[in-house]
Amino acid sequence: MPRRRVARPTAAPLRQSPDARERKADGDWFVRPMRGSSTKDYRCPGCSQLIRRGLPHVVAWPVEKALLSEAAIDERRHWHTTCWARKH
Ligand SMILES: [Zn+2]
C-alpha cells in the first residue's frame, strides 16, 4: 500500500519577528541569515577564521539578553553558516 502524502497546512508564525529562533546548549538564539552584503570581514567564533565580505553567513544573538535590553543586538555574532549548524 503506497504511503499517502498528507498535505500540511503552512505553519503559522508564532511571533511577528522575522528572525528564526534556535536552541543551543548555551541557550536560545535569534538567527538571521545574511546575504553577505556587508562591507567588512568578520571573525567566526566557531572556527576563528574570517568570514569574507560578500559571503552568505548567519548572525546570531542571545534571546535572553535581547529580552532584557535593546543593547543585546550589540552582542550579535557573525558565523559561517556551517559553523553555526555545527554549534551545539
Ligand atoms: Zn566558521
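Which residues make up the largest nonpolar core? I looked this up before anything else. The core has five residues: Trp-29, Val-58, Ala-60, Trp-79 and Trp-84. I took a nonpolar core as a set of buried Ala, Val, Leu, Ile, Met, Phe, Trp, Tyr and Cys residues joined through C-beta atoms within 7 Å. Buried means 20 or more other C-beta atoms within 10 Å of the residue's own; exposed means 12 or fewer, and partly exposed lies in between, with C-beta atoms placed from the backbone.

Notes on the source. The model is predicted, so I kept local features only at pLDDT of at least 70 and side-chain atom pairs only at pLDDT 80 or more, while totals for chains, interfaces and linings use all residues. Residues are numbered from 1 along each chain as its sequence is written.

Overall make-up. I found two helices and six strands. These are DSSP runs numbered from the N terminus: helices are H or I of at least four residues, strands E of at least two. From the N terminus the order reads β-β-β-β-β-α-β-α. Of the 88 residues, 10% count as buried.

I traced an open sheet of four strands in the order 1-2-5-6, with antiparallel pairing. Strands pair if DSSP finds at least two bridges between them. Strand 1 (20-24) and strand 6 (77-79) stand at the edges with a single partner strand each, so one side of each has no neighbour in the sheet. The twist averages 35° from one strand to the next. For such angles, axes are lines fitted to C-alpha atoms (for helices over the stretch in contact), and values run from 0 to 180 degrees between N-to-C directions.

Pairings. Strand 1 and strand 2 run antiparallel, joined by five bridges. A hairpin of two residues links them. Strand 2 (residues 27-34) pairs with strand 5 (residues 57-62) over six bridges, also antiparallel. I then checked Phe-30. Arg-21 stands opposite Phe-30, and Trp-61 is the bridge partner of Phe-30 in strand 5. Strand 1 has five residues and zero of them are buried, so this strand lies largely in the open.

Contacts. I counted two residues as in contact if their C-beta atoms, placed from the backbone, lie within 7 Å. Leaving aside neighbours within four places in sequence, Trp-29 contacts Glu-22, Lys-24, Ala-60, Trp-61, Pro-62 and Val-63.

The end of the chain. Is His-88 buried or exposed? His-88 is exposed, with 5 other C-beta atoms within 10 Å. His-88 sits in the segment after helix 2 (81-86). Not counting residues up to four places away in sequence, His-88 touches Lys-24 and Ala-25. The C-alpha atoms of His-88 and Ala-25 are 5.3 Å apart, across 63 residues of chain.
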